[in-house]
Amino acid sequence: MKRYFAVLLGILTAIGGFVDIGDLVTNAQVGARFGTSLVGVVALGVVGICVFAEMSGRIAAVSRRATFDLVRERLGPRMGFLNLVGSMLVTLLTFIAEIGGVALALQLVSSLHHLLIVPFVAAAVWLVLWRAKFSSIENVLGLMGLALIGFAVALWQLGPDWGQLVAGVSPAEKPEGEGWATYAYFAVALFGAAMTPYEVFFFSSGGVEERWTSKDIGVMRANVFIGFPLGGLLSVAIAGCAATVFLPAGVAVETLGQVGLPVAVGIGKIGLAVVVLGFFAATFGAACETGLSTGYSLAQYFGFPWGKFVRPKEAAGFHIILLLATVVAAGVLLTGVDPIMVTEISVVFSAIALPLTYFPILVVANDPDYLGEHVNGPVANALGVFYLVVIAVAALAAIPLMAVTSMGQG
Amino acid sequence: MKRSQRPAVVAVLLALALLLAGCGVVSRPGPAAWDDRAAQALTDAGSEVATARLALESARKGRTWSSYTTVLLAEAEEAAGKVEEDLSRLQVPAGRADAAAHVLDLLGRAVDLVGEARAHAVSGKYDDQALLDQLDRLSDELQQAAP
Amino acid sequence: MGSLAERNGYDVGLHLLDRQVIGADDRLIGKVDDIELVIDDDGALVPTALLMGLPALLPRFGPRLGGALARAHRLVREAAADQDLPLVVDFDLVEDVSSDVRLSEPGHGLLHRMAHDRAADPRRCRVGDLLGIPVRCPDLPRRSKVLDLRMVGSPDGPGEHRVESLIVGPGRPGALFGYDRRSEPGPLAVAAVVHWLHRHARIVELGEGVEIDHEAGEVRIVAGTSLAPLRG
C-alpha cells in the first residue's frame, strides 16, 4: 500500500513539476497566435523528453552516473567544457526567468512591483537550496503545481468548438497572417521549452542522490511515461485556453497576468486563484531545480563533492556555486529586464544547447560497461536517433530563425 | 598576427561596419518598412486594448480580484505607451505624413483609453458600460486600420 | 556491471580518463584528469599514477587554449608556489574500475602534490601528452594521430599493466566514443557513422618498428609494421 502511494506521489509531482515558466509563457503565446496548430510540436517535445529522461534515469539507477559525468567521459575535457559553459549559461538564464516568474506571480496577488519582490524570492530560493530537505520541497511544490489543472477545467468551461480545436491541430491550419518562418521559430521555442536540458540534469542527479538502484527503474519509468505526458497535457490546455480566448480577440500574450486571464474568463475568481498558486509552485519548484542544476553540472564536470545529501561543509564548492547563481540571477533581474523576455530567450537557447547533452546520454545508454543488461532496446534506440536528428535541426535553425523573425515579431 | 587569422579579422570588421551602418541615432525606414512598423504598432495596440477590455469585463463580472486587474491594466497601459512612443520616434518617410498622423492619433487614443481603464480599475469602478463600448469600438478601428 | 577485471585489456582514454574517483569512504575525490606513465628501460609504458586537479586537466585542452588557461590559473593561484603541479594518486591504490574509479583507501589526506623533480623527470610522461600527437607512417593517412592507448591487464587486477598497443588514425582522440569495441552495438546509425569516420583507424602493437619520440612529439611507425583493423 505504502509503495503504491509512493509511486502515485512520484507521478503526481512529475505532472505538477513538468510545467515551468518557459512552458507557461511559450504555450500561451503560441496558443494566442497560432491556435492549436503547433500542438504537434508539444507532443514531439514531450515524447523526446520522456525518451532521454528515461535513458538518463536508467543510467543513474544502474551505474550511479549523472548526466554531466557522462558528458565529460564521452565528449572529453574540451568538448565537455564547451558544453558545460553552454549548459550553465542556458540553465542560469532559465534560473533567472524562473525567479522572475515567481516574482511576477506574487505581483499578481500583491500588486507590488515585481522588482521589489525579486530579492525576497531569491533569498527564499537560496534558503531552500541550502537548508531544506529537498525531497519534501519537491513533493510539496510538485503537488501544488497540479493546481495548473485549472487550465484544463477552464478550457472545458470556456466551451470552445472542440471540432475546430482538434481540426486546427494540423500545421496546415496556421493562421493566414503568420509567416512560415515565424511558425518555425515558435516551433523551435516550444520544442526547447519542452526539452530544456536542465530537466535531464536534475532528473539524473536526483536519481543519484536518492540512491536509485536497478530495482527503482520501474518506478522511474512510471514517473516519466505517465507523469511527463500528463504534464504535457497541461501545456496543451494552456495553449488551448489562449487559442479560445485570445486568438479571436487579437491579443498577443506578453505578461504572466495575460496567461491566467482565460481562467478568469472561464471559471472565475476561485479558478484564477488556484491557477496563480500553480504559477507560484511551478516557477518556484523550477527555480530550485535550475539552481541545483547549475551546481550539479559544474561539480560533476570537475568531480568535486556535490549534492543535497552531502553536508554543506563537505560540498562547499557546490553551495558556493548555488549562492553565486542566486546572486547573479537577482542582480540581472534588478536591472529591470523583463522576465518574460528572458524566458523567451532561454527557451530558444535551450534548443541550441540540446545536442551536446543528449548525444552522450544516447551513446552511454548503449554501453554495457555502464548498463549491463539494461542497455537500450531497439525502440529506445530508434527514438533516440530520430530525436538526435530533430534536435540537431532545431539547434541549427534556432539562431537564423531568431534573426529572421526578430524573435517572432515578424 | 598570424596569417591564417587575417581573413577572420577582416570578416569581423566588415560585419561590425555593416552593423554600425544600420544603427543611426534616428531610425529612417523607407516607405515599405515604415508601413510594416505602423501595421505592427496598430496590431500591438489592438492587443493591449483587447486585453484591457477582457480584464475590465472579467472584473465587472467579479471573476478577478482587484490587484490582478490592476496589474493587468497597468502593464497594458505601459505596453501601449511604449508602442506609441516607438512609432512616433521613427522618421516619417515622404508621402506618409497623413497616414502617420492617422496612425499616431489612433495609438494616442488607445493609450488614453487604456489609461482610463486603469484609472477605473484602481478606483474600483468596473461597471462602466460606456468605457467598455469605447474599448470595443477602438479595438475594431485598430483592427481595421492594421491591414 | 562489466568490471574491467573481466576484460583482457582496456583503452585508457575510454575507460579511465575523465572518470569519477571515489574514496573507500564513498567520498567523491575528483576526476581522473590525466594519467602518469613511466617509460621503462626496455621502452614499455607503465601507468604509475592518476593525476588530478586543474594543473593536470588544463594542458589537455590543447597547446594553445590549454596554455592560456594554465597561465590564467597560475595568475589566480600565485600564492601557492606549487599550484602548477597536479595532485597524485598512486596507481596501486586503484581497487576497482567500473563506471567510477574506486580507491582502496579513504579520500581524506590521500592526495599529495607532485614533487618538482618528479615533474621534470624525462622518463615520465602523461597520457594527455600522448593522445593526439601525430603519427608518421607510410601505410597510414597523413593526418593520423594517436587516438587511444590500449593496456593489458586491468588496473584493479593483480599482475602487470602496461601499454600494449596504440590506436592510431585520422580524427580526434575520444571521437570513437567506444565504438571500436565489438561488444557495443549502439544505435546502428550512430555506430555506422562513427565507424565510417574512423574507417582508416588501426591498432598497432608497441615494439619493433614503433618509436614514440617525446622530444619531437610524434610517433614514427616503420613501413610494413602490422596494423590491425579496429574490431578484431
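## A first helix

A residue counts as buried when its relative accessible area is under 20%. That cut-off applies here to a predicted model. In helix α1 of chain A, the buried residues are A:Val7, A:Leu9, A:Gly10, A:Ile11, A:Thr13, A:Ala14, A:Ile15, A:Gly16 and A:Phe18.

The helix covers residues 2-18, which makes 17 residues. From first C-alpha to last, α1 of chain A reaches 24 Å. That is close to the 24 Å expected at 1.5 Å a residue.

Together the two chains bury about 2800 Å². Carbon and sulfur atoms give 54% of that area.

In one of them, A:Arg72 pairs with C:Asp18, with the closest N and O atoms 2.7 Å apart. The polar contacts between chain A and chain C come to 13 residue pairs, both residues being at pLDDT 80 or more.

## The side of chain A that faces chain C

Over all chains, the count is 31 salt bridges. One of them joins the side chains of A:Glu178 and A:Arg33, at 2.8 Å from N to O. A:Glu178 lies in the loop between α8 (162-167) and α9 (180-195) of chain A, and A:Arg33 lies in helix α2 (residues 21-34), so the pair ties together parts that are 145 residues apart in sequence. Are these two residues buried or exposed? Both A:Glu178 and A:Arg33 are buried.

## Bridges in chain B

In chain B, the side chains of B:Asp86 and B:Lys82 form a salt bridge, at 3.1 Å from N to O. How far apart are the two along their helix? B:Asp86 and B:Lys82 sit four residues apart in helix α3 (residues 66-88) of chain B, so about one helical turn separates them. An α-helix has 3.6 residues a turn, so residues three or four places apart point the same way. B:Lys82 has a relative accessible area of 52%, so it is exposed. B:Asp86 is at 32%, so it counts as partly exposed.

A second bridge in chain B joins B:Arg109 and B:Glu141, with the closest N and O atoms 2.9 Å apart. This pair links distant parts of the chain, 32 residues apart. B:Arg109 belongs to helix α4 (residues 97-122) of chain B, and B:Glu141 to helix α5 (residues 129-145). Each is partly exposed: B:Arg109 has a relative accessible area of 34%, and B:Glu141 is at 29%.

Chain B also holds a network of salt bridges. Its members are B:Arg53, B:Glu57, B:Arg60, B:Lys61 and B:Asp136.

Key:
Residues numbered from 1 in each chain as written. Chains lettered and ligands numbered in written order. Predicted model: local features only at pLDDT ≥ 70, side-chain atom pairs only at ≥ 80, totals over all residues. Heavy atoms only, no water. Expected span 1.5 Å × (residues − 1). Buried < 20%, exposed > 50% of the residue type's maximum accessible area, 1.4 Å probe, protein only. Buried area = accessible area lost by both parts, 1.4 Å probe. Salt bridge = Lys/Arg side-chain N within 4 Å of Asp/Glu carboxyl O. Polar contact = N/O pair within 3.5 Å; in protein donor to acceptor, adjacent residues only side chain to side chain.
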